[in-house]
Amino acid sequence: MNKKDAILKGFEVHNIMHTMKRRCSQHDYCRRGTYMLTLVVKGRRPLLGRIVEVEPSAELRGTGAFVEKTELGRRIEEEEVKKIKLFYPMVDVWKVCIMPDHIHLIMRVNEDLPEGSHIGKIIAGFKQGCNKAYWGINPSAKLRGTVASLPSAKLRGTVARNGLFEAGYNDKILLRDGQLENWKAYLDDNPRRLLIKRKNPHLFTVIRNMRVAGKECQVVGNSFLLDVPDKVAVIVHRRYTEMEITRLRKEWLACGERGGVLVSVAISPDEKSVLREAMDSGYKIILLRENGFPELYKPSGESFDACSEGRLLQVSPWEYHTEKRTISREQCLELNAMAEMIAETPQLN
């Protein structure tokens, strides 16, 4: 399933565990492979840089923003990242993206790691080097809140707690053709997306317990789409003939073309096809999902762009879960009923 199909099905493409500390239980992290790793600064403090807005240009690949790194950010990029190759010659760092409060690394392990080593050990060493750089620039951070009379074991524990990063890290294993280039492009675009989110926080914040179609729902995106009076529910029933589907498809897309909103669960192939064309055409969409949204959820890919332009709202009446589920017929019927109610009833926020 590609990214576009996943969005239209109502699910984002995620690993099974949707936290900042994801792991694949079936993968041997001592073996060769390509990984996209994320390390988050403790407390999400912007210690590594700041976002600077600029006019789009060819040099900046049209992003319109870049990260101006702090001394710590520069030292990590210019010194600590290079040490990974020094200690582990079989590892190449293919991409580095330093954001104000987190770091992304795309690493290639070209051969199996030595006995006793694994990705976690490499990252632990990298973190320790970053900690030393952090403490060198800001010595008071190392023992902040301690007193000299504390036993050395307690001091060591305090030093660990006062490190730069949160415990653990997030990893994504890059397995499929095209993933590497897609993730490189994603990281290049990170500053622009962060700038857009900061300018339009209401479009990227998960709102919980919002009443939609008579139900308490979780929503992300432009909730004002609910107020648009011109809305249609894109639902293809099994009894419809090809002629009926063709006629309805024209009516639905005409609604989008005149500025109306298409509301759908996007389950059947015909529904997905209509939503696919609507998304490609820049029409407004309300997408109902079986799954809710994790704590740190953020739209990505074309759903990010649609949210930033105010033309997408994602809605789920159920709590977020990490299970691999197939949507049930009862859930389909319930979501379709919600789609019809949303389409028929303007909801003033």
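**Entry 1: a strand pair.** I began with strand β11 (residues 284-288) and strand β12 (residues 312-316), which pair in the parallel sense over 4 bridges; two strands count as paired if DSSP finds at least two bridges between them. Helices (H or I, at least four residues) and strands (E, at least two) are DSSP runs, numbered from the N terminus. Looking up I286, I found that its bridge partner in β12 is L313.

**Entry 2: what I am looking at.** I note that this is a predicted model, in which local features need pLDDT of at least 70 and side-chain atom pairs count only at pLDDT 80 or more, while totals for chains, interfaces and linings use all residues. Residues are numbered from 1 along each chain as its sequence is written, and side-chain values use heavy atoms, with hydrogens and water left out.

The pLDDT is the predictor's confidence in each residue, from 0 to 100; its mean over the protein is 85, and 84% of the residues reach 70 or more. Over residues 1-20 the pLDDT is below 50, and beyond near neighbours in sequence this stretch has 53 contacts in the model, a contact being heavy atoms within 4.5 Å. Residues 145-151 also have a pLDDT below 50, and I read 4 contacts for them beyond near neighbours in sequence.

**Entry 3: the whole protein.** I list 10 helices and 12 strands as its secondary structure. Of the 349 residues, 49% are buried, where buried means under 20% relative accessible area, exposed over 50%, and partly exposed in between (1.4 Å probe, protein chains only). Among contacts with a separation of 6 or more, 71% come from residues 24 or more positions apart.

**Entry 4: the sheet around β11 and β12.** I followed the order β7-β8-β12-β11-β10-β9, in which 6 strands form an open sheet with mixed pairing. At the edges I found β7 (207-212) and β9 (231-233), each of which pairs on one side only. Neighbouring strands of this sheet are turned by 30 degrees against each other on average, direction ignored. Helix α8 (residues 269-280) packs on the sheet, where it touches β10 (261-264) and β11, and its direction makes about 150 degrees with that of β10; axes are lines fitted to C-alpha atoms, for helices over the stretch in contact, and angles run from 0 to 180 degrees between N-to-C directions.

**Entry 5: helix α9.** I asked myself how many of the residues of α9 are buried. The count is 6 of the 8, so α9 is largely enclosed by the rest of the structure; the buried residues are E302, S303, F304, A306, C307 and S308. After α9 comes G310, with a positive phi near 75 degrees.

I then looked at its packing with helix α6: α6 (residues 190-199) and α9 (residues 301-308) lie at an angle of about 35 degrees, with their axes 11 Å apart. From α6, R192, R193, I196 and K197 meet F304, D305 and S308 of α9.

**Entry 6: a hairpin.** I turned to strand β4 (residues 91-98) and strand β5 (residues 102-109), which run antiparallel and are joined by 7 bridges. With 3 residues between them, β4 and β5 form a hairpin, and in it I found K95 opposite I106 of β5.

**Entry 7: one residue.** Not counting residues up to four places away in sequence, Q179 touches K172, I173 and L174.
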